[in-house]
Amino acid sequence: MKRLMIIIVCFLLILSFSLLANGQGKPFDGITVTAAVHSGHQVAPWYSEEGNIKEKYGIKLNVIEITQDEMYSREFLELTQRTGVYDIIQYNSAWIGDFEPYVLPLDDYVTKDNDAIGYSDILPAFNKAQNIWGGKRVSTTIDGDTFLFYYRKDLFKDEGEKSAFKAKFGYELPDPPKTWQEVVDIAKFFTRNKGEKLAGRTLIKDFYGYADQAKRGRVYYWYLFRFVPFNAPNPHYFNPDTMEPNINSLGSIAALENMMELLKYSPPGVLGWEWDELYKAAMGDGTVAMWIHWTDEGRGFDKLTPLPIENPPLPELGISATPGVELNGKLYQFTIVDSAWVGSICKDSKNPDAAYEVLKHMFGAGPVNLHYIMDSTIGWDAFRYSHFNSPEWRQKVPGIEKYLEIELEALEQDSYPMLKIPGAFEYTDVLDLNVSKYLAGDFKTAKEALDVVASKWSELNNKFGLNKQKEFYSKIW
Amino acid sequence: MTNIKRATVLVLPTVLFLVLIVIFPMLFSIKVAFSGYDIRIPEHPFVGLRNFIYIFKQALFYDAISVTGIMIIAELFFELIIGFVLALSLLQLPRVRQLFQPILLMPIMIMPVVIGYVGRLIFEERSSPINYFLNMLGFESIAWHASTKYALITVLILRIWQWSPFVMAIILAGLLSLPREPYDAAMVDGANSWQTFIYITLPLLKPVIMLVLIMRTLEILQVFDIIYVLTMGGPGSRTTTFSLFTYLIGFRYWDIGQASAAAWIVMIPLSILISTFVKFMEKGEKVG
């Protein structure tokens, strides 16, 4: 019995020493950090890094998955009710107008550790459009979402089509198209039925010149790609001094008319198209000549299907910045930087320091973040200079440099942010509804539709307080 | 303990539960409907009828009521017909009823969200198997849920497919519970099948039919998932139902006051409708 007691005591002593040894050097031992994140493919890195974060920092990571459609409502409810459930939230930076009172500015952390997270490595377009709000850093980019223009370069290179285009329109087929008027001409030119000729060969399917994601709930993005350049040289959602909506200006009306015009050269189902349908039609079926989308096509350039013709040429994806407008001989092109996914620390977090370490680990400049950025299945897009210039990425995916260089160039020209004021969702949903109604034929004219939007936007300004909205609007720029 | 006290103690938990789950939320929603209750704005003042007036001024509200009304009428009509046909068929085939009834009930076991996603695939204009067969028969492809003309029809097709078996099951249960004697008497009097159906089956089934109408109307008013996934209320507002409208206001625009006002605006005519149904039902039971 005495011997047994000695053995038990020795065992307990050894166990406690080993636990003590493991506990040493881990700054946040025993702390749990809860992160609310986008469910689906985007959640994988969080689970992959759980073990590494525990080992390195002693932090237990608790991942709460939320579907994209529910993120705003679920996170906003927790934040406004001050439950303190989340330490880190992933959200769309367009919501910062509503989320601002509840997230912690990060400038003190950045100053303290000499920018270890690497804000200076993040492209200014993303810092401006996503992370900096009212002069303060409030988040770090998770996903460098932006929009690029894609087209069938294999088709554009065909000499027969180039000559025919010039004969019809009087100018060279632009490669890539630079203006929305050129897109209309090209879309009209390339829209052909099954059995007709394309690139000198017979089409085995109907072929369309252009396609948008025009489904209710998404279509406002594809309107904004036109709204911004059509309101050049200084596009604004509102008059910055009076907050009078600019959404029904002459440029805005022309933008919506352009959208309706291009619908004639689009596949019949586009009014019901979300991401899947557009991607499948363009990349999978190869039945669309031009489209605008997120960066997935650029990263997956080698997945492009051949043209739907007999003996098609090798497929080649063209990538460029989104089209602009020519005014007085000058071309105005803007790259809309999607508000996209960012990560912030909640003000009610009981462990903000630990939460910051997690953000740094997941999204700081370095091999961990680069590894997930390079993985096209995750859905995190490049946002750092170290991503775009990565030799490792070029080695891993031969040919990727074309996409990286074009996107970098597009982001370094005039970038343009999405609307980010309190109630941003409501403003954009009103726009979305009325654009959708116009495209569905519920309004006779674009002006009628946009006048309704302008009226509603004014109502919303009054609801939230005109001066408050003006103050928030100024923070976007 | 006296009987009254004992009864009170036994009933009290249920009453408390009802108060918490039904009465309190109802009273709170009335209060909220008369308040400026946007959770992004800290003050929630009393605003009188402002929320109600705002809702009545929204074009989308009338679109939503119209779409919901069309869905109620179309679904009730087709589901009753299909449900009756299936129920009568199964009644005539007692041996196969055991095999076919569970198979026929499968659609109502599938979640509406799943039906919505599958609907997106089978009705997608380019790759739709339905369009494939239409093309084979010489017809043009239809853009279905992406078409301003056919979007609501597409939703109705999916919904009728899903819910007709439910109607079938209720009506079949009603048919199986009907007394034999009136049918024997009708046969003796020389009534044919149609006369038997019109003058005996239908009147006896009136309470069951009313029950089906009430249950289906209430369910149709709540339709959300399939619309959210398939069309998000579009194109335009072609498939925006009342529940989607209320969801947008309450959970996307965060104006709980307006959402409550919208719900109460519809609650009143709905209560009148349900009371009418119940009166018909009670009349039917008295006659039976």
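A:E326 belongs to strand β13 of chain A, which spans residues 325-327, strands being DSSP runs of E with at least two residues and helices runs of H or I with at least four, numbered from the N terminus. This is a predicted model, in which local features need pLDDT of at least 70, side-chain atom pairs count only at pLDDT 80 or more, and totals for chains, interfaces and linings use all residues. Residues are numbered from 1 along each chain as its sequence is written, while chains are lettered from A and ligands numbered from 1 in the order in which they are written.

**Surroundings of A:E326**
- A:E326 counts as partly exposed because it has 16 C-beta neighbours inside 10 Å, where 20 or more would be buried and 12 or fewer exposed, with C-beta atoms placed from the backbone.
- Beyond neighbours within four places in sequence, A:E326 is in contact with A:T179 and A:L331, contact requiring backbone-placed C-beta atoms within 7 Å.
- A:W180 is 146 residues away from A:E326 in sequence, yet their C-alpha atoms are 9.0 Å apart.

**Helix pair**
- In chain A, helix α9 (residues 180-190) packs against helix α11 (residues 250-263) at about 15°, with axes 10 Å apart.
- The contact is made by A:W180, A:V184 and A:A187 of α9(A) together with A:N258, A:E261 and A:L262 of α11(A).

**Nonpolar cores**
- In the largest nonpolar core, of 151 residues, A:Y210, A:Y223, A:A289 and A:V358 touch the most other members; such a core is a set of buried Ala, Val, Leu, Ile, Met, Phe, Trp, Tyr and Cys residues joined through C-beta atoms within 7 Å.
- A second, separate core of 29 residues includes B:Y37, B:A64, B:L152 and B:A261.

Notes:
Contact = placed C-beta atoms within 7 Å. Axes fitted to C-alpha atoms, helices over the stretch in contact; angles between N-to-C directions.
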